[in-house]
Amino acid sequence: MAKMMIQILVSIILVFVLMAEAEATPPGIAKDREYGYASCKIKKYKHCYNLVHVCPKFCPYHCTVDCASCKPICKCDKPGAVCQDPRFIGGDGITFYFHGKKDNNFCLVSDANLHINAHFIGRRNGNMKRDFTWVQSIAILFDNHQIFLGAEKTATWEDSVDRLALSFDGEPITLQEFEGAKWESSGVSIVRETSTNNIVVEVDGKFSISANVVPITEEDSRVHNYGITKDDCFAHLDLGFKFFSLSNEVSGVLGQTYKPDYVSRVNIGAKMPIMGGGKEYETTSLFSPDCSVARFVGNNGFNNDIAMVEGLTLPSLSCTSGIDGQGVVCRR
């Protein structure tokens, strides 16, 4: 009888403990790391500040927290995003896909003093007339500077292993692996949003770019028939762009959507509206602002100095081969 009473008492205590945890842990709060995570960083929202949320299943690696509602939301569903295969949300708010071609480079944004190219990786699907593609790295040219940001090749994925490769003016950047770690130089700042694989790059008065290295999961591959094998998880970048000083002449796959008079040429009624013009946006190398719609001039004769980065090689990457706000590209 005494033993039974003890068991009942223990059960009651467990119920109260679980109830207390449920009350103390709002819906969506992270209890594991199967998915990505995010937290509110605005102190005035005391009910939500610094609570860690699991990203939704439909954007498992890439989300932010709406502090007012204290709910996680997908970064890749906002204007200014580049994600997935790759899926763009332009400055006009219209979603479209630009597939490009694997192992080639394409200009995303080209303006008088800002040029951003992307290197595409991919796999050929024998049942389709195109490659499955993802953005592996980007080169950002402005003034007389260049920034390289890339995802290192990896066979298997571990959230705790950092797969970011960074350089500024040809010199590799090393960031300590903790949330809030910061690097600064010449008006450029790079800050880790989490301890690995998630950063924000800002240049005063020009742009802010959020970048996450993410893999293609087995589930992604199964659902979309990517054919990803265990020797390469196709680590790539999910990107969010915010621009502060684009001109009315800006061009590029994403950049053109910021023109005041831009009219989208994609079929917005299609299940997958596709932006064509691969040849129009292709560049000869990741650091070359030479697509046919290029607008880049830069400062101090930057175009004459492109050669200084052509030989840059970072771990598992060859630079010579191929957020909030508007202008995003994402992963499917």
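Me: Which residue of strand 17 does E202 stand opposite?

Reply: In this predicted model, E202 stands opposite S208 of strand 17. The two strands concerned, strand 16 and strand 17, run antiparallel and are joined by 6 bridges. They also form a hairpin, with 3 residues between them. In that turn, G205 has a positive phi of about 75°.

Me: How many bridges join strand 15 to strand 16?

Reply: There are 5 bridges between strand 15 (residues 188–192) and strand 16, and the two run antiparallel. One of the facing positions involves V188, whose bridge partner in strand 16 is V203.

Me: How should I read the order of strands in an open sheet, and what is the order here?

Reply: The order lists the strands as they lie side by side in the sheet. In this structure, 7 strands form an open sheet in the order 13-12-11-10-9-8-19, with antiparallel pairing. Strand 13 (171–172) and strand 19 (282–283) are the edge strands, each pairing on one side only. Within the sheet, strand 8 (residues 105–111) and strand 9 (residues 114–124) pair over 6 bridges in the antiparallel sense. As an example of a facing position there, D111 stands opposite L114 of strand 9.

Me: What is the general idea of a salt bridge, and how many does the structure hold?

Reply: Side chains of opposite charge can pair when their charged atoms come close. The structure holds 5 salt bridges. One of them joins D143 and K206, with the closest N and O atoms 3.8 Å apart. This pair links distant parts of the chain: D143 belongs to the loop between strand 10 and strand 11, K206 to the loop between strand 16 and strand 17, and 63 residues separate them. K206 has a relative accessible area of 17% and is therefore buried, the cut-off for that word being under 20%.

Me: Where is D162 found, and with which residue does D162 form a salt bridge?

Reply: D162 is found in the loop between strand 11 (145–151) and strand 12 (164–168). Its salt-bridge partner is R192, at 3.1 Å between the closest N and O atoms. R192 lies in strand 15, so to speak at the far end of a link between parts of the chain 30 residues apart. Both D162 and R192 are buried; for D162 the relative accessible area is 15%.

Me: Which backbone atom does the side chain of D162 reach?

Reply: The side chain of D162 reaches the backbone nitrogen of N197 at 2.7 Å. Leaving aside neighbours within four places in sequence, the residues in contact with D162 are E152, E177, R192, T196 and N197.

Me: How is a pair of aromatic rings described, and how many such pairs are found here?

Reply: A pair of aromatic rings is described by the distance of the centres and the angle of the planes. A search of the whole structure finds 13 aromatic pairs. In one of them, W134 and Y226 have ring centres 5.0 Å apart and planes at 85°, so the pair is edge-to-face. W134 is in strand 10 (residues 131–142), whereas Y226 is in the loop between helix 2 (218–224) and strand 18 (236–243), 92 residues apart. W134 is buried at 0% relative accessibility, and Y226 is buried at 2%.

Me: What kind of pair do F142 and F207 form?

Reply: F142 and F207 form an edge-to-face pair, 6.1 Å from centre to centre with 80° between the planes. F142 lies in strand 10 and F207 in strand 17 (residues 207–214), so the pair ties together parts 65 residues apart in sequence. Ring pairs also link F98, F106, F120 and Y281 into a cluster.

Key. Residues are numbered from 1 along each chain as its sequence is written. This is a predicted model: local features need pLDDT of at least 70, side-chain atom pairs count only at pLDDT 80 or more; totals for chains, interfaces and linings use all residues. Side-chain values use heavy atoms; hydrogens and water are left out. Two strands pair if DSSP finds at least two bridges between them. Helices (H or I, at least four residues) and strands (E, at least two) are DSSP runs, numbered from the N terminus. Buried means under 20% relative accessible area, exposed over 50%, partly exposed in between (1.4 Å probe, protein chains only). A polar contact is a pair of N or O atoms within 3.5 Å; within protein, one must be able to donate a hydrogen and the other to accept it, and residues adjacent in sequence count only if both atoms are side-chain atoms. Contact means heavy atoms within 4.5 Å. Rings of Phe, Tyr and Trp (its six-membered ring) pair if their centres lie within 6.5 Å; planes under 30 degrees apart count as stacked, over 60 as edge-to-face and the rest as tilted. A salt bridge is a side-chain nitrogen of Lys or Arg within 4 Å of a carboxyl oxygen of Asp or Glu.
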